[in-house]
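Here's a quick briefing to read with the structure open beside you.

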Amino acid sequence: MGGMSRSVGIVGASGFIGSAVAEEASSKGWRVVGFSRRDRAPGGSIAEWRRWSDAVDLSGLDAVVNLAGEPIDRRWTDAVREKLRSSRIGVTETLVEAMAGSAPEVFVNGSAVGIYGDRGDERLTEEAPAGAGFLADLCRDWEAAAERVPAGVRVAKVRTGIVLGAGGAAWAKMERVFRLGMGGRFGDGRQWMPWIHIADLAGGIVHALDTAEVSGAFNGVAPEPQRNADFTRRLAEAMNRPAVFHAPAWALKLGLGEFADALLASQRVVPGVLLKSGYRFRYPELGAALDDLL
Ligand SMILES: NC(=O)c1ccc[n+]([C@@H]2O[C@H](COP(=O)([O-])OP(=O)(O)OC[C@H]3O[C@@H](n4cnc5c(N)ncnc54)[C@H](OP(=O)(O)O)[C@@H]3O)[C@@H](O)[C@H]2O)c1
């Protein structure tokens, strides 16, 4: 490519994870093209915006990253389920179709630890088989759609965990509730939570762009998942607040329907591929991550 900087297109660049990836990629020398369903003015880490709807213009891009998706943290009515699927699988299909005309070298597509389902104390590397449930099926179909790229495109699918960072929906809720001294465990608290600091998720995704051996699924989680009760205790301690409340499984199910299963699922996920391919975590353990965020 001569000395010219390489270009990465980011779908969902206006979002929490997408904007962090834009910043990280830009700092590593990538020229960033953001994609949005709305008009936006370039600025900051985004050199150019392309508006898209049913079709998407991938011309001139060396890499494409897809981090689009409707928010998942609500009651999954039939209408919501359809939106959750189409904004992920449908968007991936649109991108893959566009690659028939202009193929990038590498495609990083979103996925989630939800693919593993509820797995008790089993250590889950990328080799573990998929689990069961609505989210597992959604993620499996989402990953399969990404695999249909034209021959020669390297595909990496980031199985994202619970992302901790300012601007993230999960973190915003936890921070608010714990600040009020109303934090507490979910269910019996024994379920494993695969958390990751936003800096490492963005770092890991840009590492995947730059590292040829990252191919196929990779877990976007920190090396030390925590049981929900331990995570809860450490968050409360870091905030100097009590965490005496607890949300019983039946109450979560009553309030949230099947989405409660996602909060109660045990997922002891570890970042096998990121570690093996030489990614160095900035926040490998929870204490340092919480100190940074608080
Ligand atoms: N945050 C987490 O903890 C977490 C964990 C696991 C997986 N993930 C996955 O990572 C992805 C990004 O998450 P996020 O937290 O960054 O979400 P976010 O802040 O809500 O951003 C999502 C982006 O997706 C685009 N989008 C939303 N609905 C769309 C639709 N119907 N069609 C096309 N584009 C749509 C939006 O872009 P425009 O409005 O500009 O078009 C938006 O900027 C999601 O797929 C999510 O499931 C997130």
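In what order do the seven strands of the open sheet run? The order is E3-E2-E1-E4-E5-E7-E12, and the pairing is parallel. Keep in mind that this is a predicted model.

- Ignoring direction, neighbouring strands here are turned by 20° against each other on average.
- To pick out a bridge by eye, look at valine 33: its bridge partner in E3 is glutamate 48.

**Around the ligand**

- The shell around the ligand has 25 residues, and the ones that come nearest are Gly15, Ile17, Ser36, Gly69 and Ser87.
- Four elements each supply at least two shell residues: helix H1 (16-27), helix H2 (78-98), strand E5 (106-112) and strand E8 (162-164).
- Sorted by class, the shell has eleven nonpolar, ten polar and four charged residues.

**H1 against H5**

- H1 and helix H5 (residues 198-210) have axes that come within 9 Å and cross at roughly 60°, so the two helices are oblique to each other.
- The crossing of H1 past H5 is right-handed.
- On the H1 side, the contact uses Ile17, Ala20, Val21, Glu23, Glu24 and Ala25, while H5 brings Ile198, Leu201, Ala202, Gly203, Ile205 and Val206.
- That contact counts nine nonpolar residues, one polar and two charged.

**H2 against H3**

- H2 packs with helix H3 (residues 134-147) at an angle of about 10°, and their axes are 8 Å apart.
- Angles under 35 degrees count as roughly parallel, so H2 and H3 are roughly parallel to each other.
- From H2, the contact residues are Arg81, Leu84, Arg85, Arg88, Ile89, Thr92, Glu93 and Val96; from H3, they are Phe134, Leu138, Asp141, Trp142, Ala145 and Ala146.
- By class, you'll find eight nonpolar residues in this contact, along with one polar and five charged.

**H6 against H10**

- The axes of helix H6 (residues 228-238) and helix H10 (residues 286-293) cross at roughly 40° and come within 10 Å, so H6 and H10 are oblique to each other.
- H6 and H10 make a right-handed crossing.
- Phe231, Arg234, Leu235 and Ala238 are the H6 residues here, and they meet Leu286, Gly287, Leu290 and Asp291 of H10.
- The contact of H6 with H10 splits into five nonpolar, one polar and two charged residues.

Technical notes:
Residues are numbered from 1 along each chain as its sequence is written. This is a predicted model: local features need pLDDT of at least 70, side-chain atom pairs count only at pLDDT 80 or more; totals for chains, interfaces and linings use all residues. A residue is near a molecule or strand if its C-beta atom, placed from the backbone, lies within 6 Å of it. Ala, Val, Leu, Ile, Met, Phe, Trp, Tyr, Cys and Pro count as nonpolar, Asp, Glu, Lys and Arg as charged, and the others, Gly among them, as polar. Axes are lines fitted to C-alpha atoms, for helices over the stretch in contact, and angles run from 0 to 180 degrees between N-to-C directions. Angles under 35 degrees count as roughly parallel, over 145 as roughly antiparallel, 65 to 115 as roughly perpendicular and the rest as oblique. A crossing is left-handed if the near helix is turned anticlockwise from the far one by less than a right angle, and right-handed if clockwise. Two residues are in contact if their C-beta atoms, placed from the backbone, lie within 7 Å. Two strands pair if DSSP finds at least two bridges between them.
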